[in-house]
Amino acid sequence: AAELERVFWPVKILGAGVPSFGTPIHPKWAQHFFDEGIARQELFGADPLLALNREHVYYRAANRCGLVAPARILWYVTKDGNFDGSMAIRACSRLVGIDVGRPKDLFRRYQRLGVYLWQNVYDTAGGSIDTNIMALRFVDTEVFKRPVTLAEAKQLGIKANFESPVRIEESIFHQIYRLGTGDIATV
């Protein structure tokens, strides 16, 4: 099913066991990967080379939180007082790879795909070059026409606050995806 979703993107195959996860991302990173609305709130906006890439890497702590690939990611833009539009699910991507390793190795391998500078990767590792971190490789990001707020997600059955990646039942994924893409008007 994941291969069919790749070939026929943006098609989503339901009932075939493709896992879905809600994953938090800070607005300052979301703007470079997919969020034009947040990028417009910054003086210089998104890095055009990154914004136009099809494939990206996002670094996080090595705690897997159940993440597997291939999977779908619903990107939850976390709260930040400086950005309008946070605290909402704003995009959907295909997670194609998870790589766990030392920060220098991952940065060297994925530098061309990520927005993080070396200092950001080092900070993700808690300031240690010996601490494993995780690189999430994702592609085919669809920006939602309509962000799905945390309150709406909770009405649909999400119990988490997206402090780390959380598995999302397929029926809930489907409802969130339909709301975000504009296939249905309300929860």
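Strands β3 and β4 run antiparallel and are joined by seven bridges, and that pairing is a handy way into this fold. What you're looking at is a predicted model. The protein chain has eight helices and six strands, and the six strands come together in an open sheet. Below is a quick tour: the sheet, one serine in it, the helix lying across it, and then the chain overall.

**The sheet, strand by strand**

- Reading across the sheet, the order is β2-β5-β4-β3-β1-β6, with mixed pairing.
- At the edges sit β2 and β6, each of which pairs on one side only.
- From one strand to the next, the twist averages 40°.
- In general, strands of a sheet pair through backbone hydrogen bonds, either parallel or antiparallel.
- Over at β1 and β6, three bridges do the joining, and the two strands run antiparallel.

**How enclosed are the strands?**

- Twelve of the 14 residues of β4 are buried, so β4 is largely enclosed by the rest of the structure.
- β2 covers residues 55-61, and five of its seven residues are buried, so this strand is largely enclosed too.

**Zooming in on serine 20**

- You'll find serine 20 in strand β1, where its bridge partner in β6 is isoleucine 168.
- Is serine 20 buried or exposed? It counts as buried because its relative accessible area is 1%, under the 20% cut-off.
- Its side chain makes a polar contact with the side chain of arginine 72, at 3.2 Å.
- Setting aside neighbours within four places in sequence, serine 20 is in contact with Arg72, Val166, Arg167, Ile168 and Phe173.

**Helix α8, lying across the sheet**

- Helix α8 takes in residues 170-181, and at 1.5 Å a residue its twelve residues should span 16 Å; the end C-alpha atoms are 16 Å apart, so the expectation and the model agree.
- Which strands does α8 lie across? They are β1, β3, β4, β5 and β6, and the helix runs at about 55° to β5.
- The buried residues in α8 are Ile172, Phe173, Ile176, Tyr177, Leu179, Gly180 and Thr181.
- Those buried residues pack against β1 (20-25), β3 (71-77), β4 (88-101), β5 (133-149) and β6 (166-168), along with helix α7 (150-155).
- One of them, Phe173, has already turned up in this tour, among the contacts of serine 20.
- Just after α8, glycine 182 takes a positive phi of about 90°.

**The chain as a whole**

- Starting from the N terminus, the elements run α-β-α-α-α-β-β-β-α-α-β-α-β-α.
- The protein chain has 187 residues, and buried ones make up 47% of them.
- Of the contacts with a separation of 6 or more, 74% are between residues 24 or more positions apart.
- The accessible surface comes to about 9,300 Å², and 51% of that belongs to carbon and sulfur atoms.

Definitions and conventions: Residues are numbered from 1 along each chain as its sequence is written. This is a predicted model: local features need pLDDT of at least 70, side-chain atom pairs count only at pLDDT 80 or more; totals for chains, interfaces and linings use all residues. Side-chain values use heavy atoms; hydrogens and water are left out. Helices (H or I, at least four residues) and strands (E, at least two) are DSSP runs, numbered from the N terminus. The expected span of a helix is 1.5 Å times one less than its number of residues. Buried means under 20% relative accessible area, exposed over 50%, partly exposed in between (1.4 Å probe, protein chains only). Contact means heavy atoms within 4.5 Å. A polar contact is a pair of N or O atoms within 3.5 Å; within protein, one must be able to donate a hydrogen and the other to accept it, and residues adjacent in sequence count only if both atoms are side-chain atoms. Accessible areas come from the Shrake-Rupley method with a 1.4 Å probe; for residues, only the protein chains shown count as cover. Two strands pair if DSSP finds at least two bridges between them. Axes are lines fitted to C-alpha atoms, for helices over the stretch in contact, and angles run from 0 to 180 degrees between N-to-C directions.
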